[in-house]
Amino acid sequence: MVPTHKLENLSDEELMVRVQDADHSAFSVLVTRHTRMFYAAAYRMYPYQDEAEDIVQEAFMKLWNRPEIWKADKGAKFTTWFYRVVTNQAIDFARKIKNTKGSEALDRITDKTANQQEVMEQAQQEQMLEDAIQELPERQKLALNLCFYEGLSNKEAAEIMEVGVKALESLLMRAKAGLKDILVRQGNLGDEEKRGHYYGS
Amino acid sequence: MVHDLDKELDVLLSKRAVPEMRSNLEHRIIQESLRQEAQSAKRQGEGGFFAGLKAVLDNIVLPQPALAMMMVLMVGGVLGAYSPDVMQDDDADSFEAYIMTSDEIGYGDFL
């Protein structure tokens, strides 16, 4: 058995080969290395902390119970492939309970910061942006998240979404245009007066 | 104007934050995987005696029929030759004597 400190020097793909041989230490290294990053990805697809954590846990459990779903010979990077697993999991999850949460996210934020004007304004701004992003079609949202927030190259993002780079760029453009429309319509972009009114200042 | 909007949107997008994970998620995932592994091992061990027997039988490969038959005949022949009933015969005190045919058999013996 290879000591954990040596496993930490292995690449994700090498660790996955070990996970396929039921090496739990290799699995633990992968989990420790990537949980935070995939949690952020899940949260951006589905902005509820508990549920985002569950989504990541489910994705890793799938990996541990059925490691054969990772095909090393296809040449994809582990993270590229696992982004797809996590985002698909998040999309499935969101579809299942769509419309059951409503404005719960805003309630959670405002509850926490009820007496702190500044923090509350910031929370409202974040929530307004979050709501606008969540209004975007699924694939546009995913393109935006992968390229803007996960710091992936267009090529990597296109690979995750299983589309060509041109198609990804088009999705990205439409996402930004859609977002601008939503925010301008709400008066949260391009109109200082309205925005001041929205934030209550 | 459009350019300003783009800039403003980029600034807004960069403010989008992800809250910290509430729990020690890494630890939770690792513990859950260990729990599931233990559960699945337990389920496999729950088959009892018959499951064990089946596993053993599944691992036994039957030999070639011709080879098996030859082995059975050889073992049977040897056991037969050395069995006490045969060996204690007065006229046969060795294996050679047992397999030898007496020359003194005449026609009268069959009539």
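These are my notebook entries on a predicted model with chains A and B.

**Entry 1: where the chains meet**

I began with the contact between the two chains. I found 29 residues from chain A and 22 residues from chain B in it. Next I asked which helices of chain A each supply at least two residues to the side that touches chain B. They are α3 (24–45), α4 (49–65), α7 (117–135) and α10 (165–186). I noted that α3(A) gives the largest share of that side, 10 residues. Sorting the residues on chain A's side, I got 13 nonpolar, 9 polar and 7 charged.

**Entry 2: a tryptophan in α5**

Then I looked up A:W81, which sits in helix α5 (residues 78–96) of chain A. Is A:W81 buried or exposed? It counts as buried because it has 20 C-beta neighbours inside 10 Å, and 20 or more is the cut-off for that label. Leaving out residues up to four places away in sequence, I found that A:W81 touches A:W70 and A:A76. A:W70 is 11 residues from A:W81 in sequence, and their C-alpha atoms are 8.0 Å apart in space.

**Entry 3: a pair of helices**

Two packed helices are described by the angle and the distance between their axes. My pair was α8 (residues 138–149) and α9 (residues 154–161) of chain A, whose axes come within 9 Å and cross at roughly 140 degrees. I wrote down the crossing of α8(A) and α9(A) as right-handed. From α8(A), the contact uses A:R139, A:L142, A:A143, A:L146 and A:C147. From α9(A), A:N154, A:A157, A:I160 and A:M161 take part.

Terms used
Residues numbered from 1 in each chain as written. Chains lettered and ligands numbered in written order. Predicted model: local features only at pLDDT ≥ 70, side-chain atom pairs only at ≥ 80, totals over all residues. Contact = placed C-beta atoms within 7 Å. Helix = DSSP H or I, 4+ residues; strand = E, 2+ residues; numbered from the N terminus. Nonpolar A, V, L, I, M, F, W, Y, C, P; charged D, E, K, R; others polar. Buried ≥ 20, exposed ≤ 12 C-beta atoms within 10 Å, placed from the backbone. Axes fitted to C-alpha atoms, helices over the stretch in contact; angles between N-to-C directions. Left-handed = near helix turned anticlockwise from the far one by under 90°.
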